[in-house]
Each structure stands twice: as structure tokens, then as C-alpha cells.
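Try each task yourself before you read the solution under it.

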Amino acid sequence: MSKSKKTALFALCIALAFTLSYLESLISIPFGVPGIKLGLANSVVLMALYLLGKKEAFAISMIRILLSGLLFGGAFSLLYSFTGGILSYFVMLFAIKSKKLSTVGVSVLGAAVHNTGQIIVAGAVMQTVRIVYYLPVLLVSGAVTGVAVGILSGVAVARLNNVINKNTD
């Protein structure tokens, strides 16, 4: 991929991840458990890992978390999101490098680690281990949304690879 295509795709990924974060902030999941989200913005990070590379994907994730946290969240939102995002990123990167999981598997694993990281931070902030009772609910919802995000990302990566690899310059 040419440098100009990579730069354009990087910028589009940041814009898309930020837009999806905004849309997610407007959607309330009616399960009575705080913290359940669709994870659509994570699909952009997952796609970037496959299409752009590890540094670019990490930058997209961190920029998206910072912008979303500053505009739609708060200090604790940033803390939870950065912890979950960083842990999720590294686990997904390792899973992709192992070449043993599909995009769906990588996505579900990333969601599980993201939720686990957030619960650990919430327990530390709230100074209680009882918050761990939320974890099974978050893991189940994360697995469901992780499958959807993984399917979406897999299809998008395949289609974008076809578009990128066409010599249209």
C-alpha cells in the first residue's frame, strides 16, 4: 500500500472510530448493567491491525479513547477505557500474530480482556472486589458483541483489501 493510501486510510479510521464511539454513547443497552456497549468502535481498531499495522492501530485506539473520553465521558471513563483498550489491543495483537484465530476469535478475546481490565480498574477505584460479580454478565455480552464485531471486521478487511490492492493510482 502506498504511503498516501495508508495515510488516508489512517485518517478515515480515526474519524470512523470516533463517529462510532459517539453513536455508541447515544445507545443505551437496556439490561440494567452499566458498562455494556456494542463495541463498534473496536471494529475499526481490529481492521487497522489487519490493514495498517500495529503502530497505526494502537494510535487509532488511543486517539479514539482520548477524544471520546474528553467529549462524551469523564476522568473515570478515560481510566476504564484506556485500561481496557490497551489490554485488549495487546491481546488482539498477540492473537493475530499467532494466526490461530479468525477475526471473530480475535474480537471475542479482545472484548473479554477489555471487560476484565475495566472490572479490575473499577474494583481498584471503588475499593471492592464485589464488582467482579458484574464480570460474567460483561463477558457474555462481550462475547455476543465480539462475534458481531468480528464478523463485521472480517468482511470489511476482505473488501478493503480488494479495494486497496487494486492499482487505481
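Read along the sequence, the protein goes α-α-α-α-α-α. This is a predicted model, where local features need pLDDT of at least 70, side-chain atom pairs count only at pLDDT 80 or more, and totals for chains, interfaces and linings use all residues. Residues are numbered from 1 along each chain as its sequence is written, and side-chain values use heavy atoms, with hydrogens and water left out.

**Exercise 1. Overall build**

Solution: Then look at the box: along the principal axes, the C-alpha atoms fill roughly 55 × 35 × 25 Å. Finally, 40% of the 169 residues count as buried (buried is under 20% relative accessible area, exposed over 50%, partly exposed in between, with a 1.4 Å probe and protein chains only).

**Exercise 2. Two helices side by side**

Task: Describe how H4 and H5 pack.

Solution: Two packed helices are described by the angle between their axes and the distance between the axes. Here, H4 (residues 75-98) and H5 (residues 103-126) pack at about 145°, and their axes are 8 Å apart. The axes are lines fitted to C-alpha atoms, for helices over the stretch in contact, and angles run from 0 to 180 degrees between N-to-C directions. Now sort the residues of this contact: 14 are nonpolar, 9 polar and none charged. In this sorting, Ala, Val, Leu, Ile, Met, Phe, Trp, Tyr, Cys and Pro are nonpolar, Asp, Glu, Lys and Arg are charged, and the others, Gly among them, are polar.

**Exercise 3. The core**

Task: Find which residues have the most contacts inside the largest nonpolar core.

Solution: A nonpolar core is a set of buried Ala, Val, Leu, Ile, Met, Phe, Trp, Tyr and Cys residues joined through side-chain atoms within 4.5 Å. The largest one has 25 residues, and Val44, Leu49 and Ile60 have the most contacts inside it. H2 gives the largest share, 8 residues. Follow Val44 next: beyond its neighbours within four places in sequence, Val44 is in contact (heavy atoms within 4.5 Å) with Cys13, Leu16, Ala17, Leu20 and Ile60.

**Exercise 4. Inside or outside?**

Task: Decide whether Ser153 and Leu12 are buried or exposed.

Solution: Ser153 lies in helix H6. Its relative accessible area is 0%, so Ser153 is buried. Setting aside neighbours within four places in sequence, Ser153 is in contact with Ser43, Leu46 and Met47. Leu12, in helix H1, has 57% relative accessibility and therefore counts as exposed.

**Exercise 5. Positive phi in the loops**

Task: Where are Lys99 and Gln127 found?

Solution: Lys99 sits in the loop between H4 and H5, with a positive phi near 60° in a residue other than glycine. Gln127 is in the loop between H5 and H6, and its phi is positive too, about 55°, although it is not a glycine. Lys99 is exposed at 73% relative accessibility, and Gln127 is exposed at 73%.

Key. Helix = DSSP H or I, 4+ residues; strand = E, 2+ residues; numbered from the N terminus.
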